[in-house]
Structures are given as structure tokens and as C-alpha cells.
Amino acid sequence: MKKVEAIIKPFKLDEIKNALSQIGIYGMTITEVKGFGRQKGHVEVYRGTEYEINFLPKIKIEVVVPDSIIDKVISKIIEKAKTGDIGDGKIFIYSLEDVIRIRTGEHGEAAI
């Protein structure tokens, strides 16, 4: 099993959610985060005063998937998140030792 974390632009969330549900991924965790990479941030003007915005709003999607469909999941996220502009995001993939569903006590892929 793998855990996939994707940091994306907020307006891409619905597209990614719909694409993942079409390939059988129904459970995910979404977190509103802030950060920067090469994009660095930008300057905004509010009431005549300049403010430097160092941390940009992003969305973090977390999904746990069986090894058998990891390539499909990654492909869908890239396909739907990519705009070609700086700041499209990153995908992190982690190996999981086990998953346990608290309600039933199921382990492994049955608990996903």
C-alpha cells in the first residue's frame, strides 16, 4: 500500500477529486495549507500599501491506495493538476506498513 500526498493549486481540487473517484478512489483527506517553493510568493497592494505574500494558499490531498493502482492515481493527479505554470505542486509517495480501520479492526487493503 502507498500513501500519496499531493500539494496542488486550490482551484484544481474538484477536477482531481472527480478523476480519482472515476478510478475507484472514494476516500481522501483534504487540508488547506500555505507554502512556497520556486514560486516564492508575490507582492499585493491593499489601500495603497504594498504587502509581501510569502506563503501562498495550497491544498494537500492525502489518499491511501493499493500498490496495483498507484500508477493510475499518480497519472490522474498529474493530468488534472498540471497547468504548465510555476506552482503546480508536488506529489509525495510513501510506503505504508499497515492500515487499520478503527470501527471493524480490519487490516491492510481491506481497511482502505
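This is a predicted model: local features need pLDDT of at least 70, side-chain atom pairs count only at pLDDT 80 or more; totals for chains, interfaces and linings use all residues.
1. Local features are reported at pLDDT of at least 70 and side-chain atom pairs at pLDDT 80 or more, while totals for chains, interfaces and linings use all residues. Residues are numbered from 1 along each chain as its sequence is written, and side-chain values use heavy atoms, leaving out hydrogens and water.

2. Helix 1 spans residues 13–22, helices being DSSP runs of H or I with at least four residues and strands being E runs with at least two, both numbered from the N terminus. Leu 13, Ile 16, Ala 19 and Leu 20 in this helix are buried, that is, under 20% relative accessible area, where over 50% is exposed and in between is partly exposed (1.4 Å probe, protein chains only).

3. The cover over the buried residues of helix 1 includes strand 1 (2–8), strand 2 (29–35), strand 5 (56–65) and helix 2 (70–81), whereas Asp 14 and Gln 22, on the other side of helix 1, are exposed.

4. Glu 5, which lies in strand 1, is buried at a relative accessible area of 12%. Its side chain makes a polar contact (a donor and an acceptor, N or O, within 3.5 Å; for residues adjacent in sequence, both must be side-chain atoms) with the side chain of Lys 3, at 3.4 Å.

5. One aromatic pair is found in the whole structure: the ring centres of Phe 36 and Phe 55 are 5.5 Å apart with planes at 55°, so the pair is tilted. Rings of Phe, Tyr and Trp (its six-membered ring) pair with centres within 6.5 Å, and planes under 30 degrees apart are stacked, over 60 edge-to-face, and the rest tilted.

Note on methods
Contact means heavy atoms within 4.5 Å.
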